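My entries follow in the order I made them.

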Amino acid sequence: MTLFLKIFLAHLIVDFLLQPDRWVRHKEMHKAKSKYLYLHVALHFVVTMLLLWDFSYWGLALIITVSHYFIDLLKLYATPLFKHANIPFFIDQLLHILVLYCCAFYGGLWEHTGTFFRQLDWGMVSGIVFLSFPAAIIMGKLLERMSAQIALDHDSLPNAGKYIGIIERLFVFLFILLGKWAAIGLLITAKSVFRFNDLKESNNRKLTEYILIGTLLSFGMAMLTGLLYVYV
């Protein structure tokens, strides 16, 4: 499990935190000829090795890197064949996680080196990283078709909703770790109060439903992650 969490964390960091939108657009346009495709998979090897911190696992990191290249390449060429572009995204992520699980299963456990790596709670770190930008991107994919049907307020701060969602998910994760479930209810209430006037003035039912679905999805994702950490 420790080995899986480390290589899964490396996947989250490189696939979501270290991959700018311009890299994604360049890969979609140039596919196998995109320089960012090769830079992206190279980063996977580097970050995986840094988190494993054991050179004897270079073969494992290489398998993950090569498989990541071919899965990403398959996604780039298969995406135009799908009516909804989000389907290849989720298939791509599922295949990556399946490869990571197989590598962890056959790789076995290993001895930690260094006091820092012995004491670090990789489950908590993975949960925190997942609930930041990876969860925000996944929510964006899930709500993409809904957001296209409503008129969003363009006068708001850039990416404000994304960062609000990240902060609220991290709070929920923290409250679950502390066993403070009542605080989660208080957080939902506080957000509802702040949103009430905006929704009342806009008188937009679709916007209200969109915000409600997004809020429940965000809180649900955070609670599920917290429960998995506590009980699994």
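**Entry: a charge over a ring.** I started with Lys 141. Its charged end sits over the ring of Phe 89, 5.1 Å from the ring centre. I note that this is a predicted model. I then checked how covered Phe 89 is. Phe 89 is buried, because its relative accessible area is 7% and the cut-off for buried is under 20%.

I also looked for the charged end of Lys 31. It sits over the ring of Tyr 77, at 6.0 Å from the centre of that ring.

**Entry: aromatic pairs.** How many aromatic pairs does a search of the whole structure find? I got 10. A pair of aromatic rings is described by the distance of the centres and the angle of the planes. I wrote down both values for each pair I opened.

One of the 10 pairs is Tyr 38 with Tyr 69. This pair is tilted, with 35° between the planes and 5.5 Å centre to centre. Where do the two partners lie? Tyr 38 is in helix α3 (residues 35-52), and Tyr 69 is in helix α4 (residues 58-78). The pair therefore ties together parts that are 31 residues apart in sequence. Tyr 38 is partly exposed at 39% relative accessible area. Tyr 69 is buried, at 17% relative accessibility.

I went back to Phe 89 for its ring partner. Phe 89 and Phe 90 form an edge-to-face pair, 5.0 Å centre to centre and 80° between the planes. Is Phe 90 buried or partly exposed? I read 33% relative accessibility, so Phe 90 counts as partly exposed. Phe 89, as noted above, is buried.

I also found a cluster. Ring pairs link Phe 4, Phe 8 and Tyr 101.

**Entry: the chain as a whole.** I counted elements. The chain has 12 helices and 0 strands. Of the 232 residues, 38% are buried. I then looked at contacts with a separation of 6 or more. Residues 24 or more positions apart account for 79% of them.

Entry: I picked helix α10 (residues 160-178) and helix α12 (residues 205-231). Their axes are 9 Å apart, and the helices pack at an angle of about 35°. The crossing of α10 past α12 is right-handed. Which residues meet? From α10 I listed, among them, Gly 165, Val 172, Phe 173 and Ile 176. On the α12 side the list includes Phe 219, Ala 222, Met 223, Gly 226 and Tyr 229.

**Entry: His 68.** I found His 68 in helix α4. His 68 is buried, because its relative accessibility is 2% and buried means under 20%. What is His 68 in contact with, leaving aside its neighbours within four places in sequence? I listed His 11, Asp 15, His 40, Val 41, His 44 and His 96.

**Entry: Pro 80.** I looked in the loop between α4 and α5 (86-107), where Pro 80 has its place. Is Pro 80 buried or exposed? Pro 80 counts as exposed, with 62% relative accessibility. I also took the C-alpha to C-alpha distance from Pro 80 to Glu 28. These residues are 9.8 Å apart in space and 52 residues apart in sequence.

Methods
Residues are numbered from 1 along each chain as its sequence is written. This is a predicted model: local features need pLDDT of at least 70, side-chain atom pairs count only at pLDDT 80 or more; totals for chains, interfaces and linings use all residues. Side-chain values use heavy atoms; hydrogens and water are left out. Rings of Phe, Tyr and Trp (its six-membered ring) pair if their centres lie within 6.5 Å; planes under 30 degrees apart count as stacked, over 60 as edge-to-face and the rest as tilted. Helices (H or I, at least four residues) and strands (E, at least two) are DSSP runs, numbered from the N terminus. Buried means under 20% relative accessible area, exposed over 50%, partly exposed in between (1.4 Å probe, protein chains only). A charge sits over a ring if NZ of Lys or CZ of Arg is within 6 Å of the ring centre and within 35 degrees of the ring normal. Contact means heavy atoms within 4.5 Å. Axes are lines fitted to C-alpha atoms, for helices over the stretch in contact, and angles run from 0 to 180 degrees between N-to-C directions. A crossing is left-handed if the near helix is turned anticlockwise from the far one by less than a right angle, and right-handed if clockwise.
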